[in-house]
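Subject: Structure handover

Hello,

Here is the structure I promised to pass on. Please open it next to this message as you read.

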Amino acid sequence: MSNQECAVNRARVLGRLEEISRIGALENGGVCRLALAPEETESRARLIGWAQALGCVAYADAIGNLFLRFGNVGSNEAPVLVGSHLDTQPVGGNFDGVLGVIAALECVEVLSSQSDRAFLPVEIAIWCNEEGARFNPTTMGSAVHAGHFPLADALAITDAGGQSVEAALRQATASLRAAGISLAPRELAAKYRAYVELHIEQGPVLENEGSAIGVVTDIQGLVQYRVEVSGMAGHAGAVPMEGRQDALTRARALMADIDKELAAIDGLRFTIGRIDVAPGSINTIPARAEFTLDVRHPESDVLTRSAEQIERFRGRAQFTRLIYQAPIPFDPEIVRTIETVAQHRGLGSRRIVSGATHDAAHVAALCPAGMIFVPCRGGISHNENEYCAPDHIIHGTQVLVETVMALAGEPGQ
Ligand code: HGY
Ligand code: MN
Ligand code: MN
């Protein structure tokens with residue numbers, strides 16, 4: 001197929017990204033589309049509408065992952081899966097996740113213009129709750145789909161307001177139905193030929209090196225905790241300092257000790273992203289302090305050892321493990337396919353380990369999987385200033401389209 005025949009449509013890709021960025025837009029240019037919230041559901045409805053106009057049929061599994069099937073609809077022939085997520089961080093950027101979904105739709109657009117060729121079915125995957133910002137943990141939907149997280153446990157998880165995943169999913173599904181969208185059932189851990197995801201790097205490597213394409217070889221490992229420290233509420237003025245049971249003072253000392261312990265581990269990245277204090281009144285000694293720990297490393301044994309070191313602090317707080325995910329290597333065949341496509345298009349590429357985790361980490365357990373990265377300005381992400389230049393968007397989409405076509409081409413084409 002000539003370059004021209006499988007060229008992506010620049011205006012269509014950029015226009016759709018712009019249109020979705022208006023759903024849940026924040027006043028400083030960022031976006032908030034929390035998992036299963038009305039804004040995310042609205043963006044899902046938009047994507048489904050565009051895909052159905054191409055003849056796609058929409059499926060959903062029991063945890064709310066969406067699959068938009070193109071080609072050989074109705075058969076259960078294993079498709080090539082391509083996609084990402086539409087949910088965002090509470091103060092998120094306009095490319096994390098959505099870039100991969102719009103680019104996946106563009107794959108179907110290009111395939112649908114090749115009516116004279118036979119391809120395996122292709123499905124656009126829109127994973128549920130990749131961010132884990134509203135409902136812990138991150139990559140929940142793909143973890144359940146791959147059998148890495150029990151469905152019942154996931155449905156029972158509640159957000160800060162006490163609403164469960166199950167109730168939020170019921171509401172979101174009802175909204176799609178009210179918009180005239182019916183979703184056929186899809187079993188968990190279904191069969192796929194391969195999975196490819198396009199994503200911004202969310203780090204500075206590609207931009208610093210001037211590489212247009214990142215060929216992702218692995219995703220580093222991750223372990224997340226919720227840490228609960230207890231104390232006793234009391235009057236801020238009347239209770240003497242000695243003998244106080246101040247939960248926040250205890251938590252601050254514990255955070256400092258954990259920091260010291262983890263700072264000594266080479267290459268480890270750890271973050272305390274959230275601290276909650278109760279009752280949270282200016283003149284009451286905190287009775288409870290809760291904080292989160294996010295720890296990442298590319299080597300399994302180092303990650304395991306770090307988790308053991310953290311859990312040695314058990315005597316001072318209650319540690320709840322939210323997710324443990326070993327480092328994931330991607331399929332060497334898919335890595336090579338992406339590299340060949342980038343070369344064919346004259347795009348500079350380099351192999352890279354992903355610092356962030358992605359749904360592909362779980363889907364890799366179901367089928368050969370791989371990821372394509374493009375640079376984002378300053379490596380900034382999970383931030384309203386997240387930005388991906390139009391040329392990088394189009395180069396990444398073009399490499400995704402041709403990788404999917406290579407994987408979906410009938411053998412011996
Ligand atoms: O946590 C992560 O790495 C992903 O961005 N949710
Ligand atoms: Mn993402
Ligand atoms: Mn993210």
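Predicted model: local features only at pLDDT ≥ 70, side-chain atom pairs only at ≥ 80, totals over all residues.

**Nonpolar core**

The largest nonpolar core has 86 residues. Within this core, L47, Y195, I213 and L400 touch the most other members. Helix α3, residues 98–112, is the top contributor, giving 11 residues. Leaving out residues up to four places away in sequence, L47 touches I20, L68, L86, V101, I102, L105 and I126. There is also a second, separate core. This one has 23 residues, including Y225, I265, F291 and F319.

**Aromatic pairs**

The model has 5 aromatic pairs. Two are described here.

Take F67 and Y192. Their ring centres are 6.1 Å apart and their planes meet at 20°, so this pair is stacked. An angle under 30 degrees is what counts as stacked. F67 belongs to strand β2 (residues 66–70), while Y192 is in the loop between β5 (184–185) and β6 (194–200), so the pair ties together parts 125 residues apart in sequence. Both residues are buried.

Next, W127 and Y195. Here the centres lie 6.0 Å apart and the planes stand at 75°, so the pair is edge-to-face. W127 is in strand β4 (residues 122–127) and Y195 in strand β6, so this pair ties together parts 68 residues apart in sequence. W127 is buried, because its relative accessibility is 0%. Y195 is buried as well, with 0% relative accessibility. Y195 is also one of the core residues that touch the most other members.

The four residues F67, W127, Y192 and Y195 form one aromatic cluster.

R186 comes in over two rings. The charged end of R186 sits over F67, 4.9 Å from the ring centre. R186 also lies over the face of Y59, at 4.8 Å from the ring centre.

D96 counts as buried, at 5% relative accessibility. E131 is buried too, with a relative accessible area of 8%.

Best wishes

Terms used
Residues numbered from 1 in each chain as written. Chains lettered and ligands numbered in written order. Heavy atoms only, no water. Core = buried A, V, L, I, M, F, W, Y, C linked by side-chain atoms within 4.5 Å. Buried < 20%, exposed > 50% of the residue type's maximum accessible area, 1.4 Å probe, protein only. Helix = DSSP H or I, 4+ residues; strand = E, 2+ residues; numbered from the N terminus. Contact = heavy atoms within 4.5 Å. Phe/Tyr/Trp six-rings, centres within 6.5 Å; stacked < 30°, edge-to-face > 60°. Lys NZ or Arg CZ within 6 Å of the ring centre and 35° of its normal.
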